Every structure is written in C-alpha cells, then in structure tokens.
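Have the sequence and the 3D view handy.

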Amino acid sequence: MVKIGDFGLVALVRKSHEAHSIIGTPEYVAPELQKEDYTEMVDIYSFGMCLLEMATMEIPYSECDSVAKIYRKVTTVVKPQSLNRVTDPEVKTCIEKCVGLPRASPSAYEL
C-alpha cells in the first residue's frame, strides 16, 4: 500500500492560476515555488518526484546532506542523481517531462 501525505498548506488559487506562498517538503518542491510565483503545475513537478521515488525506492536528492543543498540544486534545476537509476525508458521519460523546465510541464490530462 502506498500512502502520500504532506498537507502543510491549503491555498486558494485565484483566476490568474497564481499562488503566492511557500511551504512543502524540499525534495518535492518545484523551482518556481522558490520565487513564490507559481501555478498549479507545481503539483505535476511534485508528482514526478513521487514517481521517481517509487521507481527507485529512494528519496529524491538523497545525495544531499542538508536542506540548503537540496534547495540549491532545485533552484538551479539540477536533477536528483536517482533519476539516472530509472531503468524503464517510459517511466524515465514521464518523470523527465514532469520535472522539466518550470511551467513547461504537461498537464495532468496529458500525462
């Protein structure tokens, strides 16, 4: 059984689809959250990181020994080392699409 839970913030997203707050587990937080200017597409990034964890049985950025190092990698768009250990090409492609360039992620429908 898989349980996913990290409900530290519930926010209203207005008609512009932009939110302006930051909270979450650093390993799963999209780069654009650091700038506090993001849309619901950050959830696709987090989903991709969850897929990565399920595919590798390893928390993304586990090579980092501090939160500051994780934030540095995330904000400079350095992918977690565990991405190199995904062996299924379709799964890897899906993850790469989810955690690609900010705001260029596919929609949930496209996934």
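This is a predicted model, and it holds one cavity of 30 Å³ or more. The volume of that largest cavity comes to about 30 Å³. Who lines it? The residues are P31, Y45, Y61, V74, V77, V78, K79 and V99. Sorted by class, that lining has seven nonpolar residues, no polar ones and one charged one.

In soluble globular proteins, nonpolar side chains tend to be buried together. Here, the largest nonpolar core has 22 residues, and L33, Y45, M49, L52, Y61, I95 and V99 are the ones touching the most other members. Helix 1 (42-56), helix 2 (67-75) and helix 3 (89-98) are the elements that each give two or more residues to this core. Which helix gives the most? That's helix 1, with seven residues.

Zoom in on L52. Setting aside neighbours within four places in sequence, L52 is in contact with M57, E58, P60, P80, S82, L83, V86 and I95.

Finally, the cysteines. The structure holds zero disulfides. For C94, the nearest cysteine sulfur belongs to C98 and sits 4.4 Å away; a disulfide needs the two sulfur atoms within 2.5 Å, so C94 is in no disulfide.

Notes: Residues numbered from 1 in each chain as written. Predicted model: local features only at pLDDT ≥ 70, side-chain atom pairs only at ≥ 80, totals over all residues. Heavy atoms only, no water. Core = buried A, V, L, I, M, F, W, Y, C linked by side-chain atoms within 4.5 Å. Buried < 20%, exposed > 50% of the residue type's maximum accessible area, 1.4 Å probe, protein only. Helix = DSSP H or I, 4+ residues; strand = E, 2+ residues; numbered from the N terminus. Contact = heavy atoms within 4.5 Å. 1 Å grid on protein atoms, 1.4 Å probe; cavity = no way out; pocket = protein on both sides within 12 Å on 5 of 7 lines; lining within 4 Å. Points joined across faces, edges and corners; volume = space filled by probe spheres on them. Nonpolar A, V, L, I, M, F, W, Y, C, P; charged D, E, K, R; others polar.
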